[in-house]
Amino acid sequence: MGYYYDDGDAFNFYLAIWGGDHCHVGIYTPEEEAQNLQATAGAEKGENTESDTILLASHRALEKILELSKPAFEGKSEGLAMDMGSAYGGCARALSQEYGCKVVCVELSKRENEINLQRNIELKMQDKIIIPGELSFLDTQQEAGVFDCCVSEDSILHAGKARPAVVAEAARILRKGGLFVFSDIMQKDCVDTSTLKDVYDRIGLEDMGSPAKYIEWASQAGRL
């Protein structure tokens, strides 16, 4: 997927809409979802729309990731984390700022890695945020059993049929008792997949993961 996010149109779109720190859907309230529907209708009529709710939803998702990650770093002066699909490094920096940990960023997009590095230098965080180069979360090339926490924001769906291997790789690099904290764009366990054909075509996938599937894959990886 690195080539997709390096493409000019896609790169500029995500950079402009998400502000150059994050690149995920976020968590919306029912009221915000209703407003977004109204905004879409307004856009079709040529009216102006607001994008502030995107940044708010993005921040809300980040806060949830940080909250769930906290136990992994308790009692540690400097923990070690991995961000799978790190994009611009916003989650990695927030994790490091919140818990004082080092974070290894795993990202296939060269252009997003470049922005990540630029942000880290600006914030004098280049010693805390490690960018080994363009890497896949299917093969992170990191040592096994040493990471306290592995996070990922809406990235694993891009692995397609290899999603179980992503979960297995997270399990491999985590220490005993380490946490895998992630969000992903999923389908319901009981959904009629024929109704999602347009969605699959849009994102170039045959299916998406589901809560039950991720639980199954974590169990197969020995983490449940």
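Ala87 sits in the loop that runs between β1 (80-84) and α5 (90-99). Helices and strands here are DSSP runs, H or I of at least four residues for helices and E of at least two for strands, numbered from the N terminus. This is a predicted model, in which local features need pLDDT of at least 70, side-chain atom pairs count only at pLDDT 80 or more, and totals for chains, interfaces and linings use all residues. Residues are numbered from 1 along each chain as its sequence is written, and side-chain values use heavy atoms, with hydrogens and water left out.

Back to Ala87. Its phi is near 50°, a positive value in a residue other than glycine. Is Ala87 buried or exposed? Ala87 is buried, at 8% relative accessibility. The cut-offs for that term are under 20% relative accessible area for buried, over 50% for exposed, and partly exposed in between, with a 1.4 Å probe and protein chains only.

Lys124 also has a positive phi, about 55°, and is not a glycine. This lysine lies in the loop between α6 (110-122) and β3 (129-130). Lys124 is exposed, with a relative accessible area of 72%.

Next, the charged pairs. A salt bridge here is a side-chain nitrogen of Lys or Arg within 4 Å of a carboxyl oxygen of Asp or Glu. By this rule the count is 10 salt bridges.

One of them joins Lys76 and Asp148, with the closest N and O atoms 3.2 Å apart. That pair links distant parts of the chain, since Lys76 is in the loop between α4 (52-69) and β1 while Asp148 is in strand β4 (residues 147-153), 72 residues apart. Asp148 is buried at a relative accessible area of 3%, whereas Lys76 is partly exposed at 36%.

Another is within a helix. Glu114 and Lys110 form a salt bridge whose closest N and O atoms are 3.6 Å apart. They are 4 residues apart in helix α6, so about one helical turn separates them. Glu114 is partly exposed, at 43% relative accessibility, and Lys110 is partly exposed with a relative accessible area of 46%.

A further salt bridge is between Asp207 and Arg163, at 3.1 Å from N to O. Here too the pair links distant parts of the chain: Asp207 is in the loop between α8 (197-203) and α9 (211-220), and Arg163 is in helix α7 (residues 163-173), 44 residues apart. Arg163 is buried, with a relative accessible area of 2%. Elsewhere, salt bridges that share partners join Lys76, Asp148 and Arg175 into one network.

Last, the rings. How many aromatic pairs does the structure hold? There are 4 aromatic pairs. Rings of Phe, Tyr and Trp (its six-membered ring) pair if their centres lie within 6.5 Å; planes under 30 degrees apart count as stacked, over 60 as edge-to-face, and the rest as tilted.

Phe73 and Tyr99 are stacked, 5.2 Å centre to centre with 20° between the planes. Phe73 is in the loop between α4 and β1 and Tyr99 is in helix α5, 26 residues apart. Phe73 is buried, with a relative accessible area of 5%, and Tyr99 is buried at 17%.

Phe182 and Tyr214 make a tilted pair, 4.9 Å centre to centre and 50° between the planes. Phe182 lies in strand β5 (residues 174-183) and Tyr214 in helix α9, so the pair ties together parts 32 residues apart in sequence. Tyr214 is buried at 6% relative accessibility, while Phe182 is partly exposed at 26%. Ring pairs link Phe180, Phe182, Tyr214 and Trp217 into a cluster.
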